[in-house]
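Q: Hi! I'm new to this one, could you walk me through a few of the contacts in it?
A: Happy to, here it is.

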Amino acid sequence: MTTFSKKYEPENFEKDIYKNWEKSWDFLPKSGNTWKTFYIPIPPPNVTWVLHLWHALTLTLEDIMVRYHRMIWDETLWIPGTDHAWISTQARVEKMLAEKWITRESLWRDEFLKHVWEWKNKYWNTITNQIRMMWSSCDWTKERFTLDEWLNKLVTKAFVDLYNKKMIYLGEYMVNYSPALNTVLSDQEVIYKEEKWKLYHITYFVSGSDNEVIIATTRPETLLWDEAVAVHPKDKRYKALLKWWKKLILPILNREIPLIADEMVDINFWTGAVKITPAHDPNDFEVAKRHNLPMNNVVLWKDWKMTQSAWIFAWQDFVTARENIVALLKSKWNLIKIEDYNHKVWYCERSWCKVETIISTQWFVKVDEMAKKVINWYKKKDFVIIPDKFNKIFEDWIYNLRDWCISRQLWWWHRIPAYYHKTTWEMVVSEKDLTLTWEYTRDEDVLDTWFSSALWPFSVLDFEFWKSFEEQNELYKKFYSAQVLETWHDIIFFWVIRMLLFWYEFTWKTPFEKIYLHWLIKDKNWKKMSKSSWNWIDPIDMIEKYSTDALRLTVSIWNTPWNDLRFDEDNVMENKIFINKLWNATRFVYTNLFEKSSYKIDNYEIIEKRLQDNYEDLLFSEKWILSRLRNISDLVNIWMEKYNFSESWIELQNFTKNEFCDYYIEEFKITRETSKYWNDVIIYVINNILKLWHPYIPFVTEELWNKVWFEWKLILQNYSKVGLPENKEIESGKQIIIEVIKEIRNLRAENNIMPSSSIKLLLKVKKSKQELFNDEILVLISWIVKSESTLVVSKIEDENLVYAITKSWVEIFLDNSNAKDMDKEIDRLKEQITDTKEYIWLLDRKLLNESFVRNAPASLVRAEMEKKAEAQEKLRKLEEKLEKIK
């Protein structure tokens, strides 16, 4: 006989269950009877360190989808993999080497990459083990890494193909540059932070006259590279100067620069005149292109220092140069004033250093034609976004795409396949490694990580885009396109759009039918959790403390209504308590079936057929629980198909906890002896409950299933489909009884009657509802609320009775003459009424204080008003209760 512990102890079975699943190849695709496939590409986690709650959320949601589709017999594929994480991994390795007083530059490139591969191998094992600990039922036989041999080959071929189509080019553009990482960054890799800066008002004298133009800037050190001052063409203040083509004198260097008109200028910003430093600011860069102004870089690439062309300020760091330039401007009477100014500063998301904008020659992908294809298929609903509120964000991105800078000045990643002849410096882009000929040197840059990530979903299917569909391998032909892509909503640009660009370019088919964008997990201060912010939580800590399933339940509810939510550890603890309740309920079923009787489990279909044939012989409570099971099973199946996992979660928990555990099991205890089919009913219900919960909490449901059904595996069972009828009339009647029971429990609490104390009840019910309250139901009510329940139809007169009207059709009378001293209860109520009135008086004093209402935050005033309303409602109930007792 199976050993069934008295409480939920996940540490005793979780790891063994996963090992058994994996060893038995239970995660591999298996042909089902639906003739349908389900493929979902995993967003590969970085090999930088360890996983965090974001990964727990992603893996949970995807595993819910995968397990559901596996149980409805779709041929299901979920391929695991990891990402090399170019910037993060290289930064961590450089930090590790710095502790040994070693810099990247002091090593040969190959030598440095050996250190990175060692790091990768170490943390790759950590990451994959954590993915296993976090329940992922992936097909581990197909595991991939973004730098493995095949993916490397595919990335190179994609680059060469796009280059040959003139869709990749070398260009000189304004880019974001991280001095700390010594690489360019995309706009999405920088964070804006508002800081207090100084605003410097500087005079630019008009050449050949006594006039002047005053500009305001936060970066006076950049004026050495000013090429113009711009004003708006409709600004009347500068109409005369523009008409006569007047020149301005650049302070300090005393050279002439033009005054130009451009609609980029904001007339209302201070004097309406702005300095144009083409190599410093993206807007200035565009103005310079429109007016054919020269361009020069301001900074050196590594150490925040002025360039050699900075006159006497050459090689000075920015801070020192700024101080010296301001002092010189002041001595020459060019500095008008300095004032405080709130300024938005760009920071590198990875290193948190200030980002500079520079002009640089980089590799770019032309995206305009690719974007047109995506827009065309988006309009035709070739793919849909869930939830649809993210359509607006998607449209904002796809309709305003700029050419994509794909080169990075790093050593770790896919190196750009461009080669330069050592003698002629002729450039060749090739799939072959031309450095083997000793005549060529390779481009030092590597590709943006999102270039290879854009190829990920079909690269893991061993797709070869240079071949026709008929020539592709069977894995690709069977599973392409993916049914769904699931990922974080904040990488809709980074990853989702790039994948769409590449997939429509290379395959002319949608990469996925649905894009499911989930919410973000934030800390208690509503700040986005990330490793760089050090506010992340290791999910393994939560698993070891509470269990894998408890954490899964916690994160899977967080999409109501697809908004970002804060993580609260208390929720994990509450979910473990709920799982313990499910454990005890199943143990109760097991005990009654196998320890208190000699029940032999039949095939599921046989049990269902027996219940169908003998439905009329079932008790009221049995018909009710089977009807509710049918209702919940149908709803959960619908919600699963619509990716509404939170609604499914909520209703399923309510059914399991409140209806099955709190009501049906209590009823079962007193109806078992009179029921002919109690064993079939309870095994049928628990069977379906475990199936319904399996995608959410696979470990505990598998363990419970194995204890009841022995050698059968739940992971291989079909999903819940209840073949018994839904009975709305019985459900409605049962709801009435549940409301009566709730009111009786409220009466107990309001009258301070201990749960262990037995009470006498009289129920006065209208004739139209009396048939519900038969002897079976009265016995049931008596059992649940520990009472002696009697149904009456005549007038009731008894000074010891207390009543509460629950509905227009029923009155409940409680005989509490033996339960408590009524005089003491009256005194207690009077004391509570007095206290509540004093509390309302204090709130009134505050709310009638004009100074408080005028100066306090609106949210605080609303909170005080809500407190008053709650206190008034409490006072009303207390006075009503006192009147009833009197």
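**Salt bridges and a helix pair**

A: Let's start with Glu864 and Lys867, whose side chains meet in a salt bridge at 3.2 Å, N to O. A salt bridge here is a side-chain nitrogen of Lys or Arg within 4 Å of a carboxyl oxygen of Asp or Glu.

Q: Before we go on, what kind of model is this?
A: It is a predicted model, where local features need pLDDT of at least 70, side-chain atom pairs count only at pLDDT 80 or more, and totals for chains, interfaces and linings use all residues. Residues are numbered from 1 along each chain as its sequence is written, and side-chain values use heavy atoms, with hydrogens and water left out.

Q: Thanks! Where do Glu864 and Lys867 sit?
A: They are three residues apart in helix α27 (residues 858–885), so about one helical turn separates them. Helices are DSSP runs of H or I with at least four residues, strands are E runs of at least two, and both are numbered from the N terminus.

Q: And is Glu864 buried or exposed?
A: Glu864 is buried, with a relative accessible area of 5%, while Lys867 is partly exposed at 36%. Buried means under 20% relative accessible area, exposed over 50%, and partly exposed in between, using a 1.4 Å probe and protein chains only.

Q: How many salt bridges are there by this rule?
A: The count comes to 45. Among them, Asp634 pairs with Arg630, with the closest N and O atoms 2.9 Å apart. Both residues lie in helix α19 (residues 620–641), four residues apart. Asp634 is partly exposed at 30%, and Arg630 is partly exposed at 25%.

Q: What about Glu616 and Lys623?
A: Their side chains form a salt bridge too, at 3.8 Å, N to O. Glu616 is exposed, with a relative accessible area of 61%, whereas Lys623 is buried at 13%.

Q: Switching topic: how do helices α5 and α14 cross?
A: The axes of α5 (residues 149–164) and α14 (residues 492–506) come within 13 Å and cross at roughly 70°. That makes α5 roughly perpendicular to α14. Angles of 65 to 115 degrees count as roughly perpendicular, under 35 as roughly parallel, over 145 as roughly antiparallel and the rest as oblique.

Q: Which residues meet there?
A: Ala158, Asp161 and Leu162 in α5 meet Phe502, Glu505 and Phe506 in α14, where contact means heavy atoms within 4.5 Å.

Key
Axes fitted to C-alpha atoms, helices over the stretch in contact; angles between N-to-C directions.
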